[in-house]
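Hi there,

Here is the structure I promised to pass on. Please have it open while you read my notes.

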Amino acid sequence: MGSEAIKPRRRWGRIVALIVAIAALVWIVSRPQPTGPAAGTALEGQVAQPIEREKQSFRIGTFNIHGCTGSDGRRDVDRVAECLGNLDFVALEEVHGPRFWERDNEAAQLGKRLGAAWLFAPATRDLHTTGFGNGLVSSLPIESWQRIPLTADNGRGCRNMVLVDMPWHGRTVHILLTHINRGDEIRHTQLREVID
């Protein structure tokens with residue numbers, strides 16, 4: 001009787017150990033991984049109404065879209081797009097990649113709604129989404145863009161900056177967009193990198 005009672009305990013012990021091992025593996029694999037540097041000479045998508053060449057100024061803005069979620073806790077891409085409608089170039093922070101049921105990242109969703117080109121510059125990639133980071137939406141042409149990773153805090157809080165070169169009446173306008181960490185030490189390190 002004693003040996004028969006031990007067998008079910010061993011079986012349950014093995015099952016529990018297997019569940020713990022699988023959970024640990026899923027946790028390790030699903031942790032956000034930093035992305036590296038990247039560069040390009042074009043944005044994605046098409047601009048519905050290109051800006052007139054005679055125009056002497058453009059409207060630029062920046063918006064932390066919080067994953068297109070408002071202060072009421074409701075996720076609404078259309079509501080965010082309404083806020084951006086009068087701008088020619090918008091830097092976006094806290095942009096999410098597509099969820100399992102979505103085809104496009106949030107920068108693409110906004111760009112398509114606004115009839116503008118877009119760029120998604122993820123700072124991380126994981127199993128849950130195809131990234132989290134910065135982005136932009138623009139009706140202006142660009143010459144080039146660069147995604148530049150910033151120092152992370154022990155692999156956490158991965159951030160980046162994006163440098164965009166835009167032609168404007170025979171000159172190049174440099175636009176830098178970023179979203180740095182909140183923690184004091186890493187924030188100062190990242191800010192020094194941005195300034196440099």
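Below is what turned up, starting with the sheet.

This is a predicted model, so to speak of local features we need pLDDT of at least 70, side-chain atom pairs count only at pLDDT 80 or more, and totals for chains, interfaces and linings use all residues. Residues are numbered from 1 along each chain as its sequence is written, and side-chain values use heavy atoms, without hydrogens and water.

An open sheet of mixed pairing is built from 5 strands, in the order S1-S5-S6-S4-S3. Strands here are DSSP runs (E, at least two residues), numbered from the N terminus, and two of them pair if DSSP finds at least two bridges between them. S1 (33-34) and S3 (60-64) are the edge strands; each has a single partner, so one side of each lacks a neighbour in the sheet. S4 (residues 89-96) and S6 (residues 132-138) run antiparallel, paired over 6 bridges, and Leu92 sits opposite Gly135 in S6.

Next, the interior. A nonpolar core is a set of buried (under 20% relative accessible area, 1.4 Å probe, protein chains only) Ala, Val, Leu, Ile, Met, Phe, Trp, Tyr and Cys residues joined through side-chain atoms within 4.5 Å. The largest one has 17 residues, with Leu43, Leu136 and Val164 making the most contacts inside it. S8 (160-168) is among the strands that supply at least two of its residues, and gives the most, with 4. Leaving aside neighbours within four places in sequence, Leu43 is in contact (heavy atoms within 4.5 Å) with residues including Leu119, Leu136 and Trp145.

Best wishes

Note on methods:
Buried < 20%, exposed > 50% of the residue type's maximum accessible area, 1.4 Å probe, protein only.
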